[in-house]
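Trainee: Before we use any labels for this model, I would like to hear what stands behind each one.
Mentor: Then ask about them one at a time.

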Amino acid sequence: MELLYGYLFIFFARVADVSLATIRTLMVVQGRRLQAALIGFFEVSIYVTALSKVVSSLDNPLNLLSYALGFACGNYLGITIENKIALGNLATQIILKTSDNKELIEILRENGFGVTVIIGQGLEGSKEILNVAINRKDLSNLKKIVYEYDKNAFITVNNINPISGGYFASNKK
């Protein structure tokens with residue numbers, strides 16, 4: 001029974017530290033120094049504790065298996081958590097097949113999105129390109145609105161770090 005608890009400890013410690021590593025990496029990329037440092041403290045504390053348990057019993061292959069499984073599950077859980085909290089900002093570009101998109105532009109603006117319209121030249125002639133800077137957590141709502149208007153819309157998304165200005169509504173409808 002004690003061995004089982006040891007394996008479970010190693011597994012869950014790895015799940016926790018790898019999940020924290022994923023979130024910490026996001027914080028580093030976004031320049032959130034304090035959060036990254038705090039998460040890193042707990043991450044490395046858990047990591048060293050789990051690693052010491054494995055290294056102290058290298059003759060037990062189930063310790064290594066628990067460690068590896070915890071690592072794999074920690075990656076999965078970390079990415080899932082990161083997708084749920086959806087921190088950061090995105091620049092979206094929407095290209096529609098139609099040439100008159102006033103209705104969609106108005107709907108997007110009514111839903112709190114700032115829309116900048118640029119005219120572009122495509123293979124089939126002039127197209128309106130809608131540029132919308134959004135909070136990452138609002139991406140699914142933006143896509144839902146656009147695809148209700150045009151199921152064949154072409155949407156691209158890029159991570160951004162806004163420097164100043166722009167329109168980011170604090171409360172979307």
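**Labels and their grounds**

Mentor: F154 is found in strand β4, where a strand is a DSSP run of E with at least two residues, a helix is a run of H or I with at least four, and both are numbered from the N terminus. This is a predicted model, in which local features need pLDDT of at least 70, side-chain atom pairs count only at pLDDT 80 or more, and totals for chains, interfaces and linings use all residues. Residues are numbered from 1 along each chain as its sequence is written, and side-chain values use heavy atoms, with hydrogens and water left out.

Trainee: What does F154 touch, not counting residues up to four places away in sequence?
Mentor: F154 touches Q93, I94 and I95 on that count; contact means heavy atoms within 4.5 Å. By contrast, F154 and G74 are 34 Å apart in space, C-alpha to C-alpha, and 80 residues apart in sequence.

Trainee: Why is D17 called buried?
Mentor: Buried means under 20% relative accessible area, exposed over 50%, and partly exposed in between, with a 1.4 Å probe and protein chains only. D17 has a relative accessible area of 4%, so D17 is buried. D17 is found in helix α1, residues 2–29, and touches E43, I46 and Y47, not counting residues up to four places away in sequence.

Trainee: Why is V117 called partly exposed?
Mentor: The relative accessible area of V117 is 36%, so V117 is partly exposed. V117 lies in strand β2. Leaving aside neighbours within four places in sequence, V117 is in contact with I105, E128, I129 and L130.

Trainee: Which parts of the model have the lowest and the highest confidence?
Mentor: pLDDT is the predictor's confidence in each residue, from 0 to 100. Confidence is lowest in strand β2 (residues 116–122), at a mean of 88, and highest in helix α2 (residues 33–55), at 95. The protein averages a pLDDT of 89, and 93% of the residues score at least 70.
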